[in-house]
Amino acid sequence: MSDAIAKTAPQAGTAAVQRCILPGCAAVFGIREQIYVCPRCRGPLEIEIALEPLKAVPDLCERWHARAASHDSRDRSGVWRFRELLPFDDDAPVVTLCEGNTPLYDAPRSANYAGLTALRLKHQGCNPTASFKDTGMTTAVTQAKLLGARTVVCASTGNTAASLAAYAARAELQCAILLPQGQISPAKLAQSMDYGAIICEIAGNFDDCMRLIAELADVPSIYIANSVNPFRIEGQKTVAFELLEQCSWRVPDHVVVPGGNMGNSSALGKGFDEMLRLGWIDRLPKISIMQAEGSAPLAHLFAALPAASSNADAALPDEIAPIANPRTLATAIKIGAPVSWKKALRAVLRTHGNIITVSEQEIADAKAIIGRDGIGCEPASATTVAGIRKLVGAGKIHAGESVVAVLTGHVLKDPDYVGHYHRGTLSLESVTAAGTAMPVPIVGAFRNAPEKVAANKEAILKSLQSRR
Ligand code: F0G
């Protein structure tokens, strides 16, 4: 069945182009040019898919849905089953690990905690390498194969690295990852080691690693797989399609994501926008981005925007003030100079969403509540539920509205954090005005530490009774 579908649907690859998103430039480049930013103005690039021919394809949504039951490896992928909207031809050397097709869970305890009647969690931690990065890596590494790259590289706070390492291994490409030394969860590092990547531990933070990546971008045999690469965004945008499918094409009022380097929010914005332009939805969900207090350059910029900036394209500022020493225990989003901030800000402004900060305490407690729903996630993902609670408190989300939070990583991505929270030993170092480092403890409102119990039935029953 999948072959029949492929032959009757137009191929996006031949008609797609790369375009600079800055309205004053808007330069266009070919789809197989190995560029990451606009060669004319250094602005961000995005892929423009020819949507018009797709309007004439009957029952495309039904076809996408039907593919999930097929045995073709592209159909099994929650990214490639939407391939009419991807910038590849039908003979592309697809590198897939059956990514996507992740669950959308009801989360009643988290809803109650956040002050909502209902809350759904789209768990992107249920991907092959346990984070949302896989949906974009399948398309980026496929493009690397098409371009004949020998080596794929990225800077990472851990998850991009693990994902790239896995997809490079599948594609038999050399993989090098640049990581900020000592700032990566051991579980994420373990994944990259196992997948055979060359791991370069850099004495610096993520932003330093990202600067080095920019220097490597002109080596033709090297392909950059960070989300500055618009082919990453193409894969990640399909999460919007899948989510709409899971919502029976009823658009949620709010979609809330954590923000780090800002690829995810950019991708969701693009995905929903394409659905609107195809006429398959009639409005956009409000996209809101949550940042950790100590690593929140975009939230600061957003808070300082004049009230009249809601006309997204006209209002994009030229600069963002980076945070020199970002701080958060949610190491995945410990980023002071987000690369894709312009695309992300555009998505939030277009959809009338928000960008706010949440504290370390709020992240930690929200994470534990998500766990109590039997779901679990890594700390960065929990900024969503923490932020939704704040937005409900501020009257910006109403209790009865339909809200989806995107969980970006699996609970086992950072088990040290979980153990410290529940044992009461989690703390963030704070530096006083006099320059001394002081640990600021995070008091777990939902602590659940293991207890020593004697090896007999009575002791176990007593323990159960004491916790009723
Ligand atoms: N959540 C998790 C678990 C992440 O790993 C990241 C980013 C984000 C949220 C933020 O997403 O960058 O698209 O805004 N991690 C990157 C990495 C930076 O290297 O793994 P974003």
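Good morning. I begin with V404, which, leaving aside its neighbours within four places in sequence, is in contact with L104, R120, K122, L243, P252, H254, V255 and V256; contact here means heavy atoms within 4.5 Å. Before I continue, please note that this is a predicted model, in which local features need pLDDT of at least 70, side-chain atom pairs count only at pLDDT 80 or more, and totals for chains, interfaces and linings use all residues. Residues are numbered from 1 along each chain as its sequence is written, and side-chain values use heavy atoms, with hydrogens and water left out.

V404 belongs to strand 13, residues 403-407. Helices (H or I, at least four residues) and strands (E, at least two) are DSSP runs, numbered from the N terminus. V404 is buried, with a relative accessible area of 0%. The terms are these: buried is under 20% relative accessible area, exposed is over 50%, and partly exposed lies in between, with a 1.4 Å probe and protein chains only. From V404 to I388 the separation is 16 residues in sequence and 9.7 Å in space, C-alpha to C-alpha.

How enclosed is strand 6 by the rest of the structure? Five of its five residues are buried, so strand 6 is largely enclosed. In a regular strand the side chains alternate between the two faces of the sheet. In strand 6 both faces are covered, with T151, V153 and A155 buried on one side and V152 and C154 buried on the other.

Next, the cysteines. A disulfide is a pair of cysteine sulfur atoms within 2.5 Å, and by this rule the count is zero. C175 is in no disulfide, and its nearest cysteine sulfur, in C154, is 6.2 Å away. C175 is also buried, at 5% relative accessible area. For C61, the closest cysteine sulfur is that of C247, and the 14 Å between them is too far for a bond.

Finally, the ligand. Which residues come nearest to the ligand? Of the 20 residues around it, they are S156, T157, N261, M262 and T408; a residue is near a molecule if one of its heavy atoms lies within 4 Å of it. There are also polar contacts, that is, pairs of N or O atoms within 3.5 Å. One is between an oxygen atom of the ligand and a polar backbone atom of T157, at 2.8 Å. A backbone N or O atom of T160 is likewise 2.8 Å from an oxygen atom of the ligand. In the side chain of T408, an N or O atom lies 2.6 Å from a nitrogen atom of the ligand. Thank you.

Conventions. Polar contact = N/O pair within 3.5 Å; in protein donor to acceptor, adjacent residues only side chain to side chain.
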